[in-house]
Amino acid sequence: MTKIMNAVMIKEYGGISGIEFGETAIPEINSGEVLIKVHAASINPDDLLFLHGHYGIQRELPSVGGMEGCGTVIATGSSLVARMLKGKRVAFVSEVYGSWAPYTKASAMTCMVLPDHVSDEQGAVFFVNPASAMAMVKIAKQHKSKAIVQTAGASALGRILVKLGKEHGIPVISVVRKEEQELLLREIGGQHIVNSSSDTFEQDLKRKSHELGATVCFDAVGGDLTGLVLSALPDGATIFQYGLLGGKTTTINADDLVFRRETYRRILGIRLGENTIDLRTSGPAGLDEKINRITYPNRD
């Protein structure tokens, strides 16, 4: 096998203008890593943040772009976990190297063996969408929240969460900003939808979150919206902020965190990927059962 490949390379942190098609070496792996022949790689909001240098980590440039994908493990390190993946088709996350290339490397612990009926394209978005939705439901249960508030509610992840919430008996209050997004969610069975563009948004969200007992929110937007949502949630609620789609600094009212309430509210930053890795321990059979219950909506 040749040691050089063509790939989508990040030359500088400056958005799309900082990437170009170029050559790089096929990566070498250590004992806990696997070498993957990539079949499909996704482009997600986190990738766009990464291109601007605003993601939580940065790579030494030039670097292969992307983070998530699907492919076949063609070589492994010496660890037992890595060797068990040889020849397997996996969904993977490669934060340290990248995924927009014919070959990549990833930690064996961030690979998930895929059942045959899952396509390469579906596998390439497993961690960012279905696995993240599973993690959200798990976190909500751990916090004993009776319902979930989700911003960017009409996104692919938001639509999966609506269906998964129904399965687990946890209502999902979806925050959207357009009427067509409301219609899209209602078509897949969404029942609790609030529009942030409405003049009555704060009142609507407060009423629904209190009625349904939503003390957990997953926020992908940030900016002023986060503060508005926090003000509307019941006492003792927690917002898990995992994205910054709004592109603006998150703003909140200090009263909502400290002074005004007998039971404090709080906002936490979270990387959902860190909460999805334990899903791989269920093995291919467990994953097969989970994926059978999840419909992959068309991506935005």
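Which strand does Thr72 lie in? Thr72 belongs to strand S5, residues 68–76.

## Basis of the model

This is a predicted model, in which local features need pLDDT of at least 70 and side-chain atom pairs count only at pLDDT 80 or more, while totals for chains, interfaces and linings use all residues. Residues are numbered from 1 along each chain as its sequence is written, and side-chain values use heavy atoms, with hydrogens and water left out.

## The chain overall

The chain has ten helices and 14 strands; helices (H or I, at least four residues) and strands (E, at least two) are DSSP runs numbered from the N terminus. Of its 300 residues, 50% are buried (under 20% relative accessible area, with a 1.4 Å probe and protein chains only).

The accessible surface of the chain is about 14300 Å², and carbon and sulfur atoms account for 52% of that surface (Shrake-Rupley method, 1.4 Å probe). Taking contacts in the chain between residues at least 6 apart in sequence, 66% join residues at least 24 apart (contact means heavy atoms within 4.5 Å).

## Surroundings of Thr72

Thr72 and Lys37 are separated by 35 residues in sequence, yet their C-alpha atoms are 5.3 Å apart. Lys37 is also one of the contacts of Thr72 when neighbours within four places in sequence are left aside.

## Helices H7 and H8

Helix H7 (residues 201–212) packs with helix H8 (residues 224–232) at an angle of about 45°, and their axes are 8 Å apart. Axes here are lines fitted to C-alpha atoms over the stretch in contact, with angles from 0 to 180 degrees between N-to-C directions. H7 and H8 are therefore oblique to each other, a class that takes the angles left over from under 35 degrees (roughly parallel), 65 to 115 (roughly perpendicular) and over 145 (roughly antiparallel).

From H7, the residues Phe201, Glu202, Leu205, Lys206, Ser209 and His210 meet Leu225, Leu228, Val229 and Ala232 of H8. By class, this contact comprises six nonpolar, two polar and two charged residues (Ala, Val, Leu, Ile, Met, Phe, Trp, Tyr, Cys and Pro are nonpolar; Asp, Glu, Lys and Arg are charged; the others, Gly among them, are polar).

## Val229 in H8

Val229 lies in helix H8 and counts as buried because its relative accessibility is 1%. Leaving aside neighbours within four places in sequence, Val229 is in contact with Phe201 and Leu205, and also with Val149, Thr151, Cys217 and Ile239.
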